[in-house]
Amino acid sequence: MKFRWSLSPSQPLLIKQLASVLKVSPLLAQCLVNRGMSNAEALATFLQPRLKELADPFLLPNMAAAVERLFQARQRKESLVVFGDYDVDGVTSTALLAESLRALGWTVNFYLPHRMEEGYGLSQEGVENCLRKFPTTLLLAVDCGSTAVTTIDYLRQKGIDVLVLDHHQVSSPAPAAIALVNPQLGPTREEDGKSSFRELCSVGLAFKLVHALVKRGREVGLAEAEKYDLRPLLDLVALGTIADLVPLTGENRILVYMGLQRLSSTVRPGLVALKKVAQVTASMGAYEVGFQLAPRLNAAGRLENAAEALDLLMAPDMQTAVPIAESLDLRNRERQKIEKGIVEEVIGSVRAKFNPERDYVIVEGQLLWHVGVVGIVASRVLQQFYRPTIIVGGEGDEWRGSGRSIAGFDLAAALRDCDDLLVRHGGHAMAAGLTIEAGKLDLLRVRMNELAQRLIKREELQPLLRLDAEVTLKEINFDSLFELDLLKPTGQGNPVVQFMVRNVTQARPLQRMGAEKQHVKLWLTDGTATHEAVWWGAGKDTALPVGRFDLAFAPQINEFAGRRTVQLKVLDWKPMM
């Protein structure tokens, strides 16, 4: 897929000033500015994240009310139920809350809905099943509940108070919870130096809630709070935050930076066992979490019930943890097989009829497509065609689906404009879920395309490749790459650095790699230096660079057979103009 290149403007005066104050190279200073930062004090904090920089948790909307109700429950010896969600964010949030609330003196049970039988979020059926198992007068919904108006009204009528701890968009009207702790209700951006908390996902909010409980507990002389250490929870926070693909900026950067250090040396039996089956031997980074640990934890909830993932995170010892981790690894292999079959079917079907001038949104559905993998399938299809994509499957009259979007098209808002066609829906601008009657799928496709054609500009249907700077290959060396590592952890909101170099030629013939020769290795020079480059997934039919050309790439250090080399990951190329 070819990209629209967008080279960040150079700001030499600002870059020179920041490089001098921060004592960093102009190249790193440029990359920092490209990420929306120009204040030297804020940049120093960004480069050296510290837990002491976390904001007061009571600044979150309705946090004080939630803490007050929880302390009432503790005083009255009420048991409470944590009602979670089945993705990694929901499971890590549930594990964190169950572990910490018990340690702080609360009586806690927990419940995760069954994806296939109870559907998404705080559903009526899920709640009824939860209450049959754990009768309660206080329910804490985490990673769900912000649109559950009807279900929360039902619980109120039964005399059950509900606290909601969630980061998803809030319905209008909002559900009548005792406390709806959701950063979407607060300021849209940082104001007066105070965090907006908009970047936090639910496990981050769970950490903030426990922080608030500990803080209040110490004020009132609660013995358990006096000695409670929040830091061991950070491995769960890093895991859930990276898996949920929320921006790694603001408080998330601090939590994930410190959490990855915890995760690298964690003694939590479930995570030790998970790292073992995933064959993670290096120190933990965002890649290891996002592509090795998270998919295995997600596999249980995608295919059936996430209870196994929660059992792993809460396992008391290795004897308990290892068999669960091995089972999750097997489930992940099964998930991959199911996903691959549906992806091939969808891409083949779409390719046969795709019209790039007409099709702004892809909506595909089929009886018996596994609803647990439709979100991943939507991501794969979006990568192939670069269109907002909704994939729907299931059984019976009502099908469930998941969607992924592109920059400039708010998927959750678009689904709200299709409310009359849907049974239920919810989510983010970039990812959302829905339930629909099977017979209305064609109507949804038409409506979504009409909306997208009004909202998306033609040029936005070609993916944008943001480039941090124009460099020479001589500038890409071990010293510069080690310094650029200060930007890590990278991810949403803090992308991997990407550069361009002009007037490149091949220093020696290219080499095809892989069982199907789908990858290409090149040796490139611009006259200042020569580096090895790898183009993953170039394919046999892709046009390869010839003559002199411009290159877009991500720099990296490759370690193989005990040898380290500077390597360029090819993103795109253009003939010299």
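Colleague: Phe 553: buried or exposed?
Modeller: Buried, because its relative accessibility is 0%. Buried means under 20% relative accessible area, exposed over 50%, and partly exposed in between (1.4 Å probe, protein chains only).

Colleague: And Phe 499, buried or exposed?
Modeller: Phe 499 counts as buried, at 0% relative accessibility.

Colleague: What should I know before reading on?
Modeller: The model is predicted: local features need pLDDT of at least 70, side-chain atom pairs count only at pLDDT 80 or more, and totals for chains, interfaces and linings use all residues. Residues are numbered from 1 along each chain as its sequence is written, and side-chain values use heavy atoms, with hydrogens and water left out.

Colleague: How many aromatic pairs are there in the whole structure?
Modeller: Seven. Rings of Phe, Tyr and Trp (its six-membered ring) pair if their centres lie within 6.5 Å; planes under 30 degrees apart count as stacked, over 60 as edge-to-face and the rest as tilted. Phe 354 and Phe 385 have ring centres 5.1 Å apart and planes at 50°, so that pair is tilted.

Colleague: Which parts does that pair tie together?
Modeller: Phe 354 sits in the loop between helix H16 (318-353) and strand E7 (362-367), and Phe 385 in helix H17 (residues 374-385), so the pair ties together parts 31 residues apart in sequence. Helices (H or I, at least four residues) and strands (E, at least two) are DSSP runs, numbered from the N terminus. Phe 354 is partly exposed at 22% relative accessible area. Phe 385 is buried at 10%.

Colleague: What about Phe 499 and Phe 553, what kind of pair do they form?
Modeller: An edge-to-face one, 6.2 Å centre to centre with 65° between the planes. Phe 499 is in strand E14 (residues 499-513) and Phe 553 in strand E17 (residues 549-560), 54 residues apart.

Colleague: Which Arg lies over the face of Trp 523?
Modeller: Arg 508, at 3.8 Å from the ring centre. A charge sits over a ring if NZ of Lys or CZ of Arg is within 6 Å of the ring centre and within 35 degrees of the ring normal. Arg 253 lies over the face of Phe 46, at 3.7 Å.

Colleague: New topic. Why is helix H11 called largely enclosed?
Modeller: Nine of its 10 residues are buried, so the rest of the structure largely encloses H11. The buried residues include Leu 234, Asp 235 and Ile 242. Just after H11, Leu 245 takes a positive phi of about 60°.

Colleague: Sheets next. What is the strand order in the parallel one?
Modeller: E3-E2-E4-E5-E6, an open sheet of five strands. Strands E3 (107-111) and E6 (179-181) stand at the edges with a single partner each, so one side of each has no neighbour in the sheet. The twist averages 20° from one strand to the next. Two strands pair if DSSP finds at least two bridges between them. Strands E4 (residues 138-142) and E5 (residues 161-165) pair over five bridges, and Val 142 has Leu 165 in E5 as its bridge partner.

Colleague: Which helix lies across E4, E5 and E6?
Modeller: H9 (residues 202-219), running at about 115° to E5. Axes are lines fitted to C-alpha atoms, for helices over the stretch in contact, and angles run from 0 to 180 degrees between N-to-C directions.

Colleague: Last one. What do E15 and E16 form?
Modeller: A hairpin with four residues between the strands, and Gly 527 in the turn has a positive phi of about 95°. Strand E15 (residues 519-525) and E16 pair in the antiparallel sense over six bridges. Five of the six residues of E16 (residues 530-535) are buried, so E16 is largely enclosed by the rest of the structure. Three bridges also join E16 to strand E18 (residues 563-575), in parallel.

Key:
Contact = heavy atoms within 4.5 Å.
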